[in-house]
Amino acid sequence: MQATVKWVDGRLFVGESGSGHAVVMDGPPDHGGRNMGARPMEMILLGVGGCSSYDVIDILQKGRHDVIDCVAELTAERADAIPAVFSKIHLHFKVTGKNLPVAAVERAVKLSAEKYCSASIMLAKAGVEISHDFEVMEG
């Protein structure tokens with residue numbers, strides 16, 4: 001896997017993934033940025049949410065469940081020191097489907113957390129406290 005990050009100006013950077021997709025990252029005005037993109041640490045949090053959501057949807061669809069929507073709400077705490085690393089991340093999944101068994105969603109979230117989500121498992125191994133919960137809604 002490869003990526004490049006190019007400085008534009010101020011605290012604005014454009015990252016390009018090895019698959020050719022670009023993302024803008026910037027800092028807040030009080031740190032020399034213009035608030036024109038996500039912060040780099042927000043990108044890490046989004047990566048955890050995307051990785052785990054991908055797993056949950058993949059597992060449920062492979063189980064032939066009728067999933068209509070899946071939203072992962074992430075909250076994170078950071079250390080109050082430099083470096084301000086993540087100390088805790090919580091993922092709350094809101095999964096909507098037709099006759100979606102609670103046990104199937106619970107299994108998907110657990111498999112993602114314990115076996116498949118490279119991003120969250122990597123951060124957990126680095127000492128970040130990762131937690132998950134979910135709710136199932138009829139759609």
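What volume does the largest pocket have, and which residues line the largest pocket closest to its centre?

Analyst: The model is predicted, and every value below is computed from it.

The largest pocket has a volume of about 410 Å³. Its lining consists of 14 residues, and those closest to the centre are M1, M43, I44, G47 and A119. Two helices, helix 1 (40-62) and helix 3 (118-125), each give at least two residues to this lining. Helix 1 accounts for the largest share, with five residues. By class, the lining of the largest pocket holds nine nonpolar and five polar residues, and no charged ones.

The residues that line it are V5, R11, F13, M25, D26, G27, P28, H31, R39, P40 and R78. Four of the lining residues of this second pocket are charged, five are nonpolar and two are polar.

As for the setting, the chain contains three helices and six strands. Their order along the sequence is β-β-β-α-β-β-α-α-β. The C-alpha trace spans about 50 × 35 × 30 Å along its principal axes. Of the 139 residues in the chain, 27% are buried. Among contacts with a separation of 6 or more, 52% are between residues 24 or more positions apart.

Helix 1, the main contributor to the lining of the largest pocket, also contains S53. S53 has a relative accessible area of 17%, and because the cut-off for buried is under 20%, S53 counts as buried. Leaving aside residues up to four places away in sequence, S53 touches A72 and F93.

One of the residue pairs is C70 with its bridge partner V95 in strand 5. On to the next pairing: strand 5 and strand 6 (residues 129-138) run parallel, with ten bridges between them. Here K94 has E135 in strand 6 as its bridge partner.

The loop between strand 4 and strand 5 holds P83. The peptide bond that joins I82 and P83 is cis, with omega about 0°. A79 belongs to that loop between strand 4 and strand 5 as well. With a relative accessible area of 29%, A79 is partly exposed. Its contacts, not counting residues up to four places away in sequence, include A84, V85 and S87. A79 and K62 are 17 residues apart in sequence, while their C-alpha atoms are 38 Å apart in space.

Two other loop residues have backbone angles to note. R64, in the loop between helix 1 and strand 4, has a phi near 60°, a positive value in a residue other than glycine. R64 is exposed, at a relative accessible area of 78%. N99 is located in the loop between strand 5 and helix 2 (102-116). Its phi is also positive, about 50°, although N99 is not a glycine. N99 is exposed too, with a relative accessible area of 67%.

Last, the cysteines. The structure holds zero disulfides. For C51, the nearest cysteine sulfur is that of C117, 3.1 Å away; because a disulfide requires two sulfur atoms within 2.5 Å, C51 is in no disulfide. C70, which pairs with V95 in strand 5, is in no disulfide either, and the nearest cysteine sulfur, again that of C117, is 12 Å away. C51 is partly exposed, with a relative accessible area of 22%.

To return to the part you asked about: the lining of the largest pocket draws its largest share from helix 1, includes at least two residues of helix 3, and has M1, M43, I44, G47 and A119 closest to the centre.

Notes: Residues are numbered from 1 along each chain as its sequence is written. This is a predicted model: local features need pLDDT of at least 70, side-chain atom pairs count only at pLDDT 80 or more; totals for chains, interfaces and linings use all residues. Side-chain values use heavy atoms; hydrogens and water are left out. On a 1 Å grid over the protein atoms alone, a cavity is a set of points where a 1.4 Å probe fits but cannot get out, and a pocket is an open set with protein on both sides within 12 Å along at least five of seven lines; lining residues have an atom within 4 Å of a point. Grid points are joined across faces, edges and corners, and a volume is the space filled by probe spheres set on the points. Helices (H or I, at least four residues) and strands (E, at least two) are DSSP runs, numbered from the N terminus. Ala, Val, Leu, Ile, Met, Phe, Trp, Tyr, Cys and Pro count as nonpolar, Asp, Glu, Lys and Arg as charged, and the others, Gly among them, as polar. Buried means under 20% relative accessible area, exposed over 50%, partly exposed in between (1.4 Å probe, protein chains only). Contact means heavy atoms within 4.5 Å. Two strands pair if DSSP finds at least two bridges between them.
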